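Welcome! Here is a short tour for anyone meeting this structure for the first time. Take a look at the sequence and the model, then read on.

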Amino acid sequence: MAASAVLAVLLASALAGAAAGGDIVHQDDQAPKIPGCSNDFVLVKVQSWVDGKEKDEYVGVGARFGPKIVSKEKYANRTQLTLADPIECCSPPKEKVSGGLLLVKRGKCKFTKKAKLAEAAGASGILIINHGTELYKMVCEKNETELDIHIPAVLLPQDAGIALHSLVTDGKSVSVQLYSPDRPAVDTAEVFLWLMAVGTVLCASYWSAWSSREAINEQEKLLKDGHEVSLNAEGGGSNGIVDINVISAIMFVVIASCFLITLYKLMSTWFVELLVVIFCIGGVEGLQTCLVALLSRWFRPAAESYLKVPFFGAISYLTLAVSPFCVVFAVLWAVYRQYPYAWIGQDILGIALIVTVIQIVRVPNLKVGSVLLSCAFFYDIFWVFISKRWFHESVMIAVARGDKTDEDGVPMLLKIPRMFDPWGGYSIVGFGDILLPGLVVAFALRYDWAAKKSLRSGYFLWSALAYGTGLLITYVALNLMDGHGQPALLYIVPFTLGTLISLGWKRRELRNLWFKGEPERVCTHVHMMMQPHQAKDISVSDPSSS
């Protein structure tokens, strides 16, 4: 039950591999910068006052032309908002604006023409209402060489523009303030998210290695007692462990790509709700498995006493006691997932799921791990960057953001709110960016324990450090790229695999790591069985020696 439910979500966990989504729909990346039209695109806060009372705050995007918008709220002027007549502002306004801010609708002429006409009418700025809820870049045409616009222009999403338009047409006195606060270079949310991701990999690796060592010890105990058991301590079968192979590693990425395309094409509220249900099922399984493993130390009798339940088979009394709590926890998160603190429940369920999957699904050797991470590496790059050529946007980022839905992205993410960012939002990391490298890091620790290597002479410490470094560089790249989504595996995979392969080659253990994935072990059972025969051969070899 655990393996089937958790593995069902394993496929979906690689969907949101980008470390974060962008804030603007990038439809004009090739637009040139020319004199008078060379601003960086920035988000703009539009704070409104109605009849002198502070009201809603809206978010727009600044144009490439015009002066730069101030970043400090205290330097921003509060300006009266006036409705353009004609509303598209493609011909000179019928009345002078006298320093006010002009509200116009998009269409029928260029953005730069609207701004020039508004400036000529005496406006101190222009707000343009978009056709949709997205934020598009306002750029200049290649043939526009004489641009001398001295008023700021901001594009508003349709819902925000209509709200302001309704207030003005109702005769309300509306004034607005425009400013574009800078984001901090590093937000504490990214630090905590990095610690959460690395801590999850460490915990999952230790649990996986501990389970493996317990299985080996149990096997050796049975061998000493004279029982015939399989020599494979890691085998799947009855102990619920699944060893993946090269074919399944490749097929995983192929199927994940098909699933991602399906998500992108069918992205809607009902489809995201279906993902929420799948995530809750996997989260319940993961949380239950983790809690039972932790509590079994104190409630051993309940953990070792079983009850046969129809359809589910034999289930321990401890599992039966823990399951209702896990189900209620997941249901409460699903119902209240839109609330501000719902991210805590999502992260708890997600971490429990990832830890459980890394404990159940295992990479048997470095060859399989390299194939898995290499395929995921190209998967991430293709769906974040190259997919723009065919779909006109990044498929991975669109799915991670939950475009075309009312949801705040798909649930297969760990996220923390940006605490000191004036723009708010979340720092996110996809399950696949933790789970897939985590499988290889857990393999390194299992190998170290089986080979009785110290922390420094083994592979786990260095692979864990490499994973943490790769994830750290992801966030550095994210900030350098102005918040545009980054494929985390682009940085994580070279660090993690490169470290393991380099160390194995230097220590002349690469062949063993690559093919066997475990150190050479002396079979004590065979040694014990050989001793009586050897003694008999010695006793009869030379009867005259006495």
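What follows covers the disulfides, the other cysteines and the strands.

Please keep in mind that this is a predicted model. A search of the whole structure finds two disulfides, and seven strands form a closed barrel.

**The disulfide of C37 and C140**

- C37 and C140 are joined by a disulfide, with an S to S distance of 1.9 Å.
- This pair links distant parts of the chain, 103 residues apart. C37 sits in the loop between α1 (2-13) and β1 (43-50), while C140 sits in the loop between β5 (125-129) and β6 (153-156).
- The link of C37 and C140 is right-handed, with 100 degrees about the S-S bond.
- Are these two cysteines, C37 and C140, buried or exposed? Both C37 and C140 are buried.

**The disulfide of C90 and C109**

- The sulfur atoms of C90 and C109 are 2.1 Å apart, and the two residues form a disulfide.
- Because the torsion about the S-S bond is about -85 degrees, the disulfide of C90 and C109 is left-handed.
- C90 has a relative accessibility of 18%, so C90 counts as buried; the cut-off for buried is under 20%.

**The overall pattern and other cysteines**

- Counting bonded cysteines along the chain, the disulfides follow the pattern 1-4, 2-3.
- C203 is in no disulfide. The nearest cysteine sulfur to C203 belongs to C290 and is 9.4 Å away, whereas a disulfide needs sulfur atoms within 2.5 Å.
- C203 counts as exposed because its relative accessibility is 52%, and the cut-off for exposed is over 50%.
- C258, at 49% relative accessibility, therefore counts as partly exposed.

**The barrel and a helix across it**

- In what order do the seven strands of the closed barrel run? The order is β1-β2-β6-β5-β4-β3-β7, and the pairing is mixed.
- From one strand to the next, the twist averages 40 degrees.
- Strands of a sheet pair through backbone hydrogen bonds, either parallel or antiparallel.
- β3 and β4 pair in the parallel sense, over three bridges. L83 has L103 in β4 as its bridge partner.
- The helix α2 lies across β4, β5 and β6, and runs at about 140 degrees to β5.

Definitions and conventions
Residues are numbered from 1 along each chain as its sequence is written. This is a predicted model: local features need pLDDT of at least 70, side-chain atom pairs count only at pLDDT 80 or more; totals for chains, interfaces and linings use all residues. Side-chain values use heavy atoms; hydrogens and water are left out. Helices (H or I, at least four residues) and strands (E, at least two) are DSSP runs, numbered from the N terminus. Buried means under 20% relative accessible area, exposed over 50%, partly exposed in between (1.4 Å probe, protein chains only). Two strands pair if DSSP finds at least two bridges between them. Axes are lines fitted to C-alpha atoms, for helices over the stretch in contact, and angles run from 0 to 180 degrees between N-to-C directions. Contact means heavy atoms within 4.5 Å.
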